[in-house]
Each structure stands twice: as structure tokens, then as C-alpha cells.
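Please walk me through this model in the viewer. Tell me what to select at each stop and what is there.

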Amino acid sequence: MKAPTIDYLAFAPILATLGGSLLVIAFALARASFVQRVVLPGLALVSIAVAAAFAVITWETGDQTTIIEGALAVDALALGFSLLVYAAGIGAIALSLRSEIARDAGRGEYYALLLASITGMTILVAAENLVTLFVGFELLSIPLYVMCAAAVRDERSLESGLKYLIVGSVGSATLLYGLAMIYGATGSTDFAGISAAIGTGVDATDPLLLSGIALAITGLAFKASVAPFHQWTPDVYEGAPTPVTAFMAVATKIAAFGVILRLFDDALLSTQLQWGPALAALCWVTIIVGNVGAIGQSSLKRMLAWSGVAQAGYLLAGIVVGTRLGAEAVFFYLAVYLLMNIAAFAVVIARERVSEHGDGLRSLERLGEASPWLAWPMTIAMLGLAGFPLTAGFFGKFQLINATVSGSYESLAIAIVIGSMISLAYYLRVIAVMWMSPREIEIPAAPGRASRKVRPAEGWSPEAGAAAQPEVTAVAVLCAVLVLAIGIFPDPLFDVARDVGSSLAGFL
Amino acid sequence: MLQAYLPVLVFVALGVAIASLFASVNRLLGPRRPNKVKQEPYECGLPSDVTKSFRFGLSFYMIAMLFILFDIEVVFLYPVAVQLEAFGVFALVETAVFVALLMLGFVFVWRRGALEWK
């Protein structure tokens, strides 16, 4: 029996967020207002910053080291996706600072759970072994179930938490069943071992292996909200506290697609001919269902949830093709998706704290005149999500279409284009509500849903507007500026995406 | 080609058959001599006639959860203690880390009042 050798420098990013989570829990016992309001979020931010710093230090292009006896891979793919998760985490903390939810649920528990979930995501994207994959998957999910129910006095938040728990558990069980079958067929839990077994010991059309792959993608599709496993998404996103929704919408998707990329485009790449057409069908369904579902929504959170489903369909197209170009496109698109969605959610949060319409579309009426510092980021985010040129969303879609066409899945390129055209219907409506007279805009009525009463944020007055919540406005503006900057100078992000793509060894 | 998936069909059929067998055989074969105590869902524990105003104390869940946590701690500690010589210092350190983490959680729930019987 010999002890595993652990490369602590490579393991440091994961230890940093995990240690941060424990420290936050320990400090939460101090009741002092200063500790609760400043020290806890500060500690959480510092631990994420430390983790990000370690991730940047250990970043070495094209170099893959497996640590802890092959349980985790530290390469550009893991570190790149981890950095995106850290960015989402920092955004979520900034958006939660002034939120009543963190106070009601207990700030210590709230930030500790957030950090634990981030740790799970970084383990998931670095997983090089089926067991580590599942551990990361659960560590990601369980804190999120609790955080969805963090608004303990709001029935809809509790409903959302319970719904997510039940649907998520079904997803986990399905995934675990699939992983067990993949192990049964290939005789290895290691990704490298699985990839080596297929084609030598096991036939690529082995029924046990293919059943396992089907169950595994079903389980992961629940997390990534790929249709037809997306039904929980609008309800959970709407009920959960909005900062949690913002985190969940981007970070979970980043982690889920990170692990799908590694599992399907690395370990299972040699069976691509078998799973490719099946995933392509899912991709089509997701793009159509997500975009059509978003059209009728009057709640911004529900609309963004359906739009998230549609975006998951676009991202899946990059996985299906199984090429390096596809992997690069997935990373690039996730990075810009992160910025666009955080910007949009920041504006929703700023508005729902002061508007009598809550997160309804009407809360944005005439926002262009009232507070342009919120209206412009929302406009840029919506244009970006729709894929307009000069925003990062354009290059994201361009990359994906480029990857699908050169991977000879032209039909998926057509799906992306059709989906983007449908999506204009609901993205442009948001912009119209903000900048045009409300009488000209038809807003679908929400059947049987009373408008939500939200207490104004501290120190807010109609005149103060955006200035009363500087951190929320700052997040929105920063993300929107980055969306524009990447839309004009995409090269730095292209380079990072190329590094990430190059860490998957299986591509030709 | 699709014949290879026959085991899946057999598996599903067997699953349904066994589950419905266990669910129905008792009802079909068992003698029925009901009385009041037997009719209750559980024959021991709290009275099970739950009315609308009945509230089950949260403290029960807290204690039960903590019990399971420490139960599992012992399950982990025992094999390590028995085989410590074979595992060496690494196992000892790992166990110490595990217990320290558990202690942190224990101190947390204690200080937050989860052990006060309300």
C-alpha cells in the first residue's frame, strides 16, 4: 500500500476554494455585523481570486498533467473552464452583496455553499476518471439545491429548490447508471483507459457501451438543460433568488459542457460515429424548443431560462462535431455567454429590487430614459445573445457555425441560423420595451400571476436609480463593455480557446 | 443488430414483473385479520394520525442527520484503525483531516443551536 503522490501546486486552485468555503463557515459563527457584511463576502472573493491566480500560474499550453493517481487532469481545458467558473462566482457574489436572500439564509452558509459549488464545478471540468466525475457532479449540485431554496420565506423559492432537487437527483441517478455501464463495457474508470479499450477490447457498437453513453448524456443533459430534459429550467430559474439564478444559469452550464467535452470528445471520441447523430437530433430539438418557448414569456427570468435552453442547443453543436474546432468554439461561446448572461441578470436584479413589476418585462419600461447605465448593458447583452455583429455573440455563433460546417454537420449550422432568427422575436422585444413608448409594445399577459412585491433596496430613490446599487451596475457595465471589446478584438479570446482545444489529445 | 438489445427488454420486463409480484402477492395470499393497531401504517413510534395542525419537530431531523454523520465517521475510522500499520502515515494524516473537517461542521451546528431541543 503506497500513498498517492499529490502535486499540491496543480491541486491548489481546488484547495483554495474548498479552504475558502471552510473558512467562511468558521467565520460565520462570529455574529458581529462587520464580519457578516464585509468579512464573509470578502473571504469568498479572496479565495476565488487566489484560486484564479493559481490557475493562471499553472497554465501551460499543451501540457497535460494528471494528478492524484490520474483522478484529475490539470490542463488548459480544466484551467480555462475553471477560470470561467471563477468569473461567474465573482459576479454572483457581487450581485448577492446587497441581496436580502444572503442575509435571510445566513451569509456564512450562503457564501460557503457558493464556494463549495464552485469547487465541485472545477473538480468536474478537471475529472479524468468516472468516479471523480460523479463526485464533482454531486458537489456542484447539492449546494445549488440548497441555494435555490435560500429565500426561506418565499414559497416559490422553496418550490424551486425542491423541484431542482428531485429533477437533479433523477439526472444524477441516470448519469451514475450510465457511468456504471460504460465501466462495465470497457473495464476502466479512467478516461485514458476507456479510450484505449474502445476499438481494441470492445467494439464501438457494443450495446452495453452505447446504452451507457445514452444514459450518461441523458444525466448530463438534465444539468445542461438540453431539451427534452429542460422542463425544470424555467420554473427553477424563476423561483430561485435571482443572484443564484444568475450563477446557476452560467456556471452550471460551463461545468456541464466542460465535462461533456472531456467525456465525449476525449474518452469516447472513437465512438463519435455512433453518438454523433443522436446528439445532433438533441441539438435540433433543443434549439427549436428553447427558442419557441422563450417567445411567450413575460417574466425576464423565465425568458432568460428558455434562452439558456436554446443556447445549450448551440453549444451542443460544437460537441457533436467532435473536432478541435468544435471544442474551441464551445469554450469561446461559453465565455461570451457568461458575460452576456451576467450582464442581463445584473440588470434584472437591479430592476426587481425597485420595480413593482418584479422581474416582469414591464419592469424595464422606459429604462432607456430613466437609467441608461442599466439600459445600455441590457441592450448589448440582448444583441449579443441574438448574435449581432460588433458583439462577442456574433463571433461565438460564427465559430460554432464554422465548426459544424467544417465537421460536415451542415444541418446543425442551419439549425443555429434558424434558431437565431426566431430568437430575435424575444431579444428585440426587451430592447423595444426599454427604448420605445410602452403603448406600442405588446407584452404577453402572465396568466394568474400577480406582480411581485419587492422591497426597495436600501437607500434607493427614483432619482438615485443605478447609483444606489453601484456594484450591480458595475457588474452589468463591465460585462457589457467586455462583450463589445471581444466583439471588436476577439483575438485574445481566440488564442485562449485554441489553447483549451489543444489540450484534448484525441483529435486528428 | 437490434437483437443485441434483447437483454435490455428482458431486464425491463423482469423488473416490472418482480416489482408487481412483491406488490400483489401479499394481498392475494396473506390472511386478513385486521385490528386497529395493525391498520396503522407504522406499528411503533409517534401516533400516525397526523392532523392538519400537527407539526413534527425539526430537532428530530437535526439529531438524526448528525447521528448519521458520526455513524459514518466511525465506519471510516474503524478499518483505518485496524489496518493502520499497513496504510502508514498517509492514512493517519488523511483521517486526521477528515475528523478535523467533521469537527468544524460539528462546532458550527453546535454554535448555531442545532442541538438545542426546541
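Predicted model: local features only at pLDDT ≥ 70, side-chain atom pairs only at ≥ 80, totals over all residues.

**Stop 1: a helix pair in chain B.** Select residues 58–82 of chain B, which are helix 3, and residues 89–111, which are helix 5. Their axes come within 11 Å and cross at roughly 170°. Angles over 145 degrees count as roughly antiparallel, so helix 3 and helix 5 of chain B are roughly antiparallel to each other. The crossing is left-handed.

Now show side chains. From helix 3 of chain B, pick L66(B), L69(B), E73(B), F76(B), L77(B) and V80(B). They meet A91(B), T95(B), F98(B), L102(B) and V109(B) of helix 5. The residues of this contact divide into nine nonpolar, one polar and one charged.

**Stop 2: where the chains touch.** Show chains A and B together. Chain B gives ten residues to the contact and chain A gives eight. On the chain B side, helix 4 (84–87) and helix 5 each supply at least two residues. Helix 5 of chain B has the largest share, four residues. This side of chain B divides into eight nonpolar, one polar and one charged.

**Stop 3: chain A loops.** Select A227(A) and P228(A). A cis peptide bond joins them, with omega about 0°. P228(A) sits in the loop between helix 9 (207–224) and helix 10 (232–239) of chain A.

Go to R366(A), in the loop between helix 14 (324–352) and helix 15 (367–370) of chain A. R366(A) is not a glycine, yet its phi is positive, about 55°. Is R366(A) buried or partly exposed? It is partly exposed, with 14 other C-beta atoms within 10 Å.

Finish at S408(A), in the loop between helix 17 (392–406) and helix 18 (410–435) of chain A. Its phi is also positive, near 50°. S408(A) is exposed, with 9 other C-beta atoms within 10 Å.

Terms used
Residues numbered from 1 in each chain as written. Chains lettered and ligands numbered in written order. Axes fitted to C-alpha atoms, helices over the stretch in contact; angles between N-to-C directions. Parallel < 35°, antiparallel > 145°, perpendicular 65-115°, else oblique. Left-handed = near helix turned anticlockwise from the far one by under 90°. Contact = placed C-beta atoms within 7 Å. Nonpolar A, V, L, I, M, F, W, Y, C, P; charged D, E, K, R; others polar. Buried ≥ 20, exposed ≤ 12 C-beta atoms within 10 Å, placed from the backbone.
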